[in-house]
Amino acid sequence: MKHTEPDQPGMADLLRENEDLKRQLRELNAGGPGAGPQVWHPSSTTVIAIFLIVIVMAAVAFFAGYLPLRKREALIAGEARDQERAVRKVDVIEVSRVRDQAAIALPGSIQAITEAPILARADGYLQRRMVDIGDRVHAGQLLAEIDAPEMDEQIRQANAALEQARAAVDQAVANYERGQADEELAKVTAQRWSALQAKGVVSKQENDRYQSEYHALSAATKALEKALAVQRSSVAAAEANLSRLDKVQGYRSVKAPFDGVITLRDVDVGALVNSGSTLLFRIAQIGTLRTYLNVPQVNSSEIHAGQLARLTVSNLPGRQFTGVVARTAGALDPATRTLLVEVHVPNADGALLPGMYARVDLTVARSNAPLRIPSDALIVRGEGTEVALVRDGHTVHLQKIEVGRDYGDHLEVVSGLSEGQVIIANPGDVVREGLQVEPLPLAK
């Protein structure tokens, strides 16, 4: 086997050692007589060579892995520093106030403008019923009839009592006229005896007797006059009772008090009805409806009579009904801090029904319009609600604010900002105090 001359002296020793190892290995494989296990005892040169090889491999691994890693880390850190020192471009908006008019949407309950229960005014049994729920009726239309046989007997009794009272009046008149005649005769007689007594023809005692008779008959005539007045009062009472019964007799025919629709029917034919307690029908006037809604305290001072309102109901999509604020309660409910408002809505076609739930939109004029910012500009952290305010044209300041009403895409600011200040439209998490930025006005 031919070998090249090594350039280094240590390599020749290493090659010789290698040849000895190969020879010993061939002898062991041959298994000749006298062959036994051979223990390898490397020389110091072999150990040093192996150690140097390990050191070389570790050095190669160090320079091939660690140094590039440090270089990449340094590069990333430098880019981060450059990015931190670089001026960020951000979209900014100018803080402004909301328009003078604002729309508020509130839930409302629709009710009939006029609604009345129809009660029985006569005792008896329901004889006929002409209407049912949902029927439209007119004022004065016959709704039902009540059979009241006892009422006829009461009327006949009242007529008899009236005739009796009138007869008593005639008798009292006759007695009074006779009393007047007796009084007139006693008066003439008393005057004659008084003249005779003055001439001394008769005694004073006889004159006094006739004078007393005259005064007694005069008092009796006055008593007869009072009795006549009492009998005439009895006639008036009997006539009033008969008139009452005649009117009650008229209540046997139940009629509609106004134009409307029957919303309730509570009796059937043959049912016993009692005066003043049995509910027969309920009628509602729906040509014009009223809607009650509760306006929050913040808008209560902006609601007034005559103000327009627009109503929408869920079961009539696409339709909008125009109404007018008829009146307000004039005071807030202390439990809810809301103002009760009544809105009248024309309902000529009957599309709206009493009891419906409606959404009422009111347009109110705001005398002190609040500031408005987009909802994306708000920063909510543990310190509270803040916005990124751009001061001096390029420096960020985290300004604490107090938020008012939230409209979803924008919200009102009660305090912390002034009109005309510039804030970042969408700050994100990278914005911090003192950050240098390049503001770019955001198109409205």
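User: In this predicted model, how do the residues of the lining of the second largest pocket divide into nonpolar, polar and charged?

Analyst: The model is predicted. The second largest pocket has a volume of about 240 Å³, and 17 residues line it. Its lining divides into nine nonpolar, four polar and four charged residues.

User: Which element gives the most to the lining of the second largest pocket?

Analyst: The elements that give two or more residues to this lining are strand 4 (124-129), helix 3 (149-199), helix 4 (204-250) and strand 9 (272-273). Among the lining residues closest to the pocket centre are Glu150 and Met151. With four residues, the element that gives the most is helix 3.

User: Are the rings of Trp193 and Tyr210 stacked or edge-to-face?

Analyst: A search of the whole structure finds one aromatic pair. The ring centres of Trp193 and Tyr210 are 4.5 Å apart, with the planes at 15°. Planes under 30 degrees apart count as stacked, so the pair is stacked.

User: Which parts does the pair of Trp193 and Tyr210 tie together?

Analyst: Trp193 and Tyr210 are both buried. The two parts tied together are 17 residues apart in sequence. Because Trp193 lies in helix 3 and Tyr210 in helix 4, the parts are helix 3 and helix 4.

User: Which residue has its charged end over the ring of Tyr210?

Analyst: Tyr210, a buried residue, lies in helix 4. A charged end sits over its ring, 4.4 Å from the ring centre. That charged end belongs to Arg209.

How values were computed. Residues are numbered from 1 along each chain as its sequence is written. This is a predicted model: local features need pLDDT of at least 70, side-chain atom pairs count only at pLDDT 80 or more; totals for chains, interfaces and linings use all residues. Side-chain values use heavy atoms; hydrogens and water are left out. On a 1 Å grid over the protein atoms alone, a cavity is a set of points where a 1.4 Å probe fits but cannot get out, and a pocket is an open set with protein on both sides within 12 Å along at least five of seven lines; lining residues have an atom within 4 Å of a point. Grid points are joined across faces, edges and corners, and a volume is the space filled by probe spheres set on the points. Ala, Val, Leu, Ile, Met, Phe, Trp, Tyr, Cys and Pro count as nonpolar, Asp, Glu, Lys and Arg as charged, and the others, Gly among them, as polar. Rings of Phe, Tyr and Trp (its six-membered ring) pair if their centres lie within 6.5 Å; planes under 30 degrees apart count as stacked, over 60 as edge-to-face and the rest as tilted. Buried means under 20% relative accessible area, exposed over 50%, partly exposed in between (1.4 Å probe, protein chains only). A charge sits over a ring if NZ of Lys or CZ of Arg is within 6 Å of the ring centre and within 35 degrees of the ring normal.
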